[in-house]
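Subject: Structure handover

Hi,

Here is the structure I promised to pass on. Please open it alongside this note; my findings follow below.

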Amino acid sequence: MIATLLLIGGLGTPELIIILIVVLLLFGGKKIPELMKAMGQGVKSFKDGVNGINDSIEKAGDNTSKSKDANAETASDNTSSSRPTDVDKH
């Protein structure tokens with residue numbers, strides 16, 4: 001399991017260590033937490049956006065099914081009222 005995690009995309013432990021050292025040299029120890037915080041906020045914002053889209057799709061689906069039910073009830077009411085009854089025939 002751990003070996004699988006360390007071999008992400010063909011990257012081994014030495015490659016990951018080198019990448020971490022380069023990132024540390026480029027950004028410095030004080031900037032890395034700020035970058036991680038900004039990345040976390042970006043991911044949270046993305047998830048909120050996706051959840052908002054899913055919610056609006058579900059609401060649209062609910063409204064569509066409700067309007068179909070209302071149209072079906074209206075249609076059945078219209079057909080039942082337009083049928084002649086025994087009283088109308090006499």
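A quick definition before the details: a helix here is a DSSP run of H or I at least four residues long, numbered from the N terminus. Please also keep in mind that this is a predicted model.

Overall layout. The protein has three helices and zero strands. Along the sequence the pattern reads α-α-α. Helix α1 covers 2-6, helix α2 covers residues 13-82, and helix α3 covers residues 86-89.

Confidence. The mean pLDDT of the protein is 76. Of its residues, 62% reach 70 or more. Confidence is highest in α2, at a mean of 80. It is lowest in helix α3, at 56. Where pLDDT is low, the predicted coordinates should not be read in detail.

Burial. The protein has 90 residues, and buried ones make up 1% of them.

The salt bridge. The structure holds one. Which side chains meet in it? They are those of K31 and E34, at 3.6 Å from N to O. Both residues lie in helix α2. They sit three residues apart, about one turn of the helix. Side chains of opposite charge can pair when their charged atoms come close.

The nonpolar patch. A nonpolar surface patch takes up about 970 Å². L11, I18, I19, V22, V23, L26, F27, L35, M36, M39 and V43 make it. Where is L11 placed? L11 is in the loop between α1 and α2. With a relative accessible area of 32%, L11 is partly exposed.

Best wishes

Methods. Residues numbered from 1 in each chain as written. Heavy atoms only, no water. Helix = DSSP H or I, 4+ residues; strand = E, 2+ residues; numbered from the N terminus. Buried < 20%, exposed > 50% of the residue type's maximum accessible area, 1.4 Å probe, protein only. Salt bridge = Lys/Arg side-chain N within 4 Å of Asp/Glu carboxyl O. Patch = residues over 30% accessible without salt bridge, like charges linked within 9 Å, V, L, I, M, F, W, Y side chains within 5 Å. Areas by Shrake-Rupley, 256 points an atom, 1.4 Å probe, with all protein chains shown as cover. pLDDT = per-residue confidence, 0-100.
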